[in-house]
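Student: Could you go through this one with me?

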Protein chains: 4
Amino acid sequence: MKNQNLTRAKRTRDPDSKRTAIYEAAARLFTDHGYENVSIAKIAREAGIAVGTVYRFHDTKLTLLRAMLEGVEDAFVTRMASDWACDGTYAERIERMCYGLFEVAEDNLDLLKLLNMTTDIVFTDGSLPGDRIQNQIRIMYTEAMNVGASHQGDPHMMAAIAHGMVEGAMVRWMRLGAPKDIDAAAQLALVFKDGFMTNAA
Amino acid sequence: MKNQNLTRAKRTRDPDSKRTAIYEAAARLFTDHGYENVSIAKIAREAGIAVGTVYRFHDTKLTLLRAMLEGVEDAFVTRMASDWACDGTYAERIERMCYGLFEVAEDNLDLLKLLNMTTDIVFTDGSLPGDRIQNQIRIMYTEAMNVGASHQGDPHMMAAIAHGMVEGAMVRWMRLGAPKDIDAAAQLALVFKDGFMTNAA
Amino acid sequence: MKNQNLTRAKRTRDPDSKRTAIYEAAARLFTDHGYENVSIAKIAREAGIAVGTVYRFHDTKLTLLRAMLEGVEDAFVTRMASDWACDGTYAERIERMCYGLFEVAEDNLDLLKLLNMTTDIVFTDGSLPGDRIQNQIRIMYTEAMNVGASHQGDPHMMAAIAHGMVEGAMVRWMRLGAPKDIDAAAQLALVFKDGFMTNAA
Amino acid sequence: MKNQNLTRAKRTRDPDSKRTAIYEAAARLFTDHGYENVSIAKIAREAGIAVGTVYRFHDTKLTLLRAMLEGVEDAFVTRMASDWACDGTYAERIERMCYGLFEVAEDNLDLLKLLNMTTDIVFTDGSLPGDRIQNQIRIMYTEAMNVGASHQGDPHMMAAIAHGMVEGAMVRWMRLGAPKDIDAAAQLALVFKDGFMTNAA
DNA sequence: AATGAATGAGTTTTCATTCAT
DNA sequence: GATGAATGAAAACTCATTCAT
């Protein structure tokens, strides 16, 4: 997708194209059949490469999964941070963030489903899938709380609850087929604002 | 010629003791290592019985898991329904229900963790783990909405969001070691009331 | 079927009735699913008795099979001998024997099929299923040969060929559903007479 | 975490050497102990390869058996057809065919025994081991009958009987150690001709 | 760098047999 | 004598990972 060297033979593919092919194949397969039910051989076949080549990019099947999950998490965290950093009232920023989350979700449907399916994978730093998203939520909550825009509460627990809301909304939205016309973001934003914001905010 | 078993068959003590031993061993192991990473052999060893005996009680490894999950779900649903049926304002009933949930959680710690880890198992009726709890939440939400105690919203999506909140709070609470002294229920109730109740309620 | 003590409670069953029940259940099941695919538990259930009871009558699953096979073989051998002992020309006796074989077959359909399916079981005396039938054929052939009614030939080989003819005809007949109206016996007798008898006979 | 293989992968010598090794090991073991009493592990050990390698060539234990049986059947059918297609009287052609059968048998001793032991395996097309051979016999019989060289009879039943004769002779011959000096073919041909040919032929 | 054949430990599940009741 | 719960060895099959080509 990036630099396709049209003057070269097909054999010399962009190394990134293979990495991408692995990701895409794995995302689809993991999502459809579950991590444990997908073999590296199947991923390789689906990606159009050899088994050994998968191992050039990922030391382990688990490593591959983790890389994928970290990828989606990054996308969400990045978007949340940037949406939150915009101008506006807290209510506006929350709303914007909710819409942002679903936009990222739309771009990463397979991986999102995978992220929600995968709760028993531990990363090397001891964290779990979703933790980085939850951390980001906690940062935002703490900031809001400190300026009196949020009710007082334990930031960790509050972030956990908020994160659960997001997950719940997204899982529901995905089970409906992730339709564009249903405004899951709006409903999420509503509960979010009422549940966490003070009247002052 | 094939199997000459040097069996030392054990006595049949309590008829239910084995069933219980299986449940407890499986709950601990599934929870600690994940469903896919626990073999029936491991469960049997942990339960102090033979592999074949596990199969006397559960046709399949998956069957065993389902039975366990349905058990916890039932406990939650039953308790929610009974707490909700009590007298009091909606706010009071919500609060009572939140405390009730954590009481049930305390009694089913291993299984609760299992329930939250297990999101990609499909039951024979097509439902997923947690669905029955979410259904119960939807029932309550709809009732409240119909009398004007809740904001208007799609009951399915609202129930999904509420369910996510509960899960988020419980997972957090469990990661803290499920301490009795931290009032996760209170914080959950707070967000619950603010997030869903109208001022009128 | 023999002595049903009508004055006693049902519990005191004729010990032979159990033996019979086992035979019948095993015959049907072995025939339908193959020896290896039928468990003693299934036989016991089908026979309406306990697993342990099967073992009161037969030391081993293999022992049970052997007893059954010997049973059918005996039936065939006995009938062949008696039919052969009757008066008449050799041709008549052959014909009578062929009809006799199919009469026995009709009475032992399940076991017959089992006998034909089972070629790799070795009896304790080193013989194989069918051997006793083949022996009987050899006796008859030798007798006929000695009086000049049969072509000269190695009795063992001739008996093996004749036995194969019988088996072939019966297997075919069974695959047609063992119909009464198709005269397999007649066709068998025809080839038998032409193939083995001299013109003199 | 799961499989750390201390693998010493071997070189890929002859591409077909493994396939052949599997066939030979399986033929010997199936023949000696019966299909059901031979595990894939045993075959692999005997063939000097790993279990998984067996599965690279055959999807299933049953598939392996079928491939082997079809191999022998083909050999027999092909030879019968070619022998039958030669010039000569029917008697000569029958005789030639009988000798041909035993030549093929000599080249496929293990598999032949397997073919005769295996009567309860059903192929995907519903046919049974031996059916193709019997079909070929029926074709020949029908042809002979149509020109008046054979007695009249139901071709299916006649083919079954003839097929049984062949099997009987071969089994006997194998139990004698498949000796070259005993003329099983001649005896078979004799009964064959007398049993099926008309005087006119 | 890429390939994919080979490996073998590990999984789920079955079942002949035993023996305490 | 009858029962059937309990046993655990064994089987078919899978698949992450390696490494010679």
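Student: Is B:F196 buried or exposed?
Tutor: B:F196 counts as buried because its relative accessible area is 4%. Buried means under 20% relative accessible area, exposed over 50% and partly exposed in between, with a 1.4 Å probe and protein chains only.

Student: What should I keep in mind about the model and the numbering?
Tutor: The model is predicted, so local features need pLDDT of at least 70 and side-chain atom pairs count only at pLDDT 80 or more, while totals for chains, interfaces and linings use all residues. Residues are numbered from 1 along each chain as its sequence is written, chains are lettered from A and ligands numbered from 1 in the order written, and side-chain values use heavy atoms, leaving out hydrogens and water.

Student: OK, rings next. How many aromatic pairs are there over all chains?
Tutor: The count is 20. Rings of Phe, Tyr and Trp (its six-membered ring) pair if their centres lie within 6.5 Å; planes under 30 degrees apart are stacked, over 60 edge-to-face, and the rest tilted. One of these pairs is B:F102 with B:W173, edge-to-face at 5.1 Å centre to centre and 90° between the planes.

Student: Where do those two sit in the chain?
Tutor: B:F102 is in helix 5 (residues 90–107) of chain B and B:W173 in helix 8 (residues 155–175), 71 residues apart, so the pair links distant parts of the chain. Helices here are DSSP runs of H or I with at least four residues, strands are E runs of at least two, and both are numbered from the N terminus. Both B:F102 and B:W173 are buried.

Student: And which geometry do B:F192 and B:F196 show?
Tutor: That pair is tilted, with 5.6 Å between centres and 45° between the planes.

Student: Which rings cluster in chain A?
Tutor: Ring pairs link A:Y141, A:F192 and A:F196 into a cluster.

Student: What sits over the ring of A:W84?
Tutor: The charged end of A:R93 does, 4.4 Å from the ring centre. A:R93 also has its charged end over the ring of A:Y90, at 4.8 Å. The rule asks for NZ of Lys or CZ of Arg within 6 Å of the ring centre and within 35 degrees of the ring normal.

Student: Switching topic: which residues have the most contacts inside the largest nonpolar core?
Tutor: They are C:F30, C:I43, C:F196, D:F30, D:I43 and D:F196, in a core of 130 residues. Apart from it lies another core, of 129 residues, among them A:L65, A:A149, A:A169 and B:L64. A core is a set of buried Ala, Val, Leu, Ile, Met, Phe, Trp, Tyr and Cys residues joined through side-chain atoms within 4.5 Å.

Student: How many helices and strands does chain A have?
Tutor: Nine helices and zero strands. Of its 201 residues, 48% count as buried.

Student: Last one: where is D:N108?
Tutor: D:N108 lies in the loop between helix 5 (90–107) and helix 6 (109–117) of chain D. It counts as buried because its relative accessibility is 19%. Leaving aside neighbours within four places in sequence, D:N108 is in contact (heavy atoms within 4.5 Å) with D:V72 and D:A75.
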